[in-house]
Amino acid sequence: HTQVFSGRGKPLKQLLRFVYGVVNKDEEAHTVTVVTGDTGIGKSALLSKLVHSLQQSAGQTLHVFAHYIGAGPSSDTPTDILYHLACDIIEHFGLEFEAVQDYQKLCTLFPELLKTAAALGRLVIVLDNLDRLGHDDLPVLQVVVPENVRDELKVVVSCTPRAAALTALQTRQQTPQVLRLQSLDVEEREALVSDALDLFYKRLEGARRRSSLSPSAKKSPKPNQMAALIRKSG
């Protein structure tokens, strides 16, 4: 998701401000942000870029733990979510906890794990694709995203506007901040295609060098027709 990322500078900046607790005087402080938008709009790519940016710049003061629901095998049940997050937190901090793949035990363990980890630094939990959670799975949100979220914990999740998880989060006493992604405009789509083509040609040139081809080999021209097609589709 992070190889080609373009056109989402504003929402990425909003998420970074949220994570670092930057709030204007007229804004309400939140501990949970929901990134929402239609399927394929770029929610997963945005969250992946956020995680990458935080891991590159946060240092030792901010600790990021992400889980992409449905992105791989054993990733989309409530047990999977809690187990993988718990294992990541235990390994990251070297904590003397033991995670087992038992949902009830994980529900007891996880709040204690968060409390212990939050005492060691600020935490950010990122959960992508809450649409995979059915109505019977929603109680897991009370464990991963507790009602009384501490200041040391920020949570970023994503789902479509019709997700049951979004309704569940919005009916809480502490309502989340909702960040709605819109379709890329023409200029943003042109920039996305340009970035993708730049990446393609860099890889092509690297392959040519590895194949010991002549360095004077002529580059193929970029298909500028792509920009015109994008304008027409907009």
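The protein has 8 helices and 5 strands, taken as DSSP runs numbered from the N terminus, with helices being H or I of at least four residues and strands E of at least two. Along the sequence, the pattern reads α-β-α-β-α-α-β-α-β-α-β-α-α. This is a predicted model, in which local features need pLDDT of at least 70, side-chain atom pairs count only at pLDDT 80 or more, and totals for chains, interfaces and linings use all residues. Residues are numbered from 1 along each chain as its sequence is written, and side-chain values use heavy atoms, with hydrogens and water left out.

Of the 234 residues, 40% are buried, meaning under 20% relative accessible area with a 1.4 Å probe and protein chains only.

I turn now to helix H4. H4 covers residues 103-118, and its 16 residues at 1.5 Å each should span 22 Å, which agrees with the 22 Å between its end C-alpha atoms; the expected span is 1.5 Å times one less than the number of residues. At Leu109 the helix bends by about 30°, the angle between axes fitted to the seven residues ending there and the seven starting there. Pro111 follows within four residues of that bend. Leu109 is also among the buried residues of H4, as are Leu106, Phe110 and Leu113. What covers the buried residues of H4 includes helix H3 (78-93), strand S3 (122-128), helix H5 (139-144) and strand S4 (153-159).

Contacts are next. Among those between residues at least 6 apart in sequence, 73% join residues at least 24 apart, a contact being heavy atoms within 4.5 Å.

Notes:
Buried < 20%, exposed > 50% of the residue type's maximum accessible area, 1.4 Å probe, protein only.
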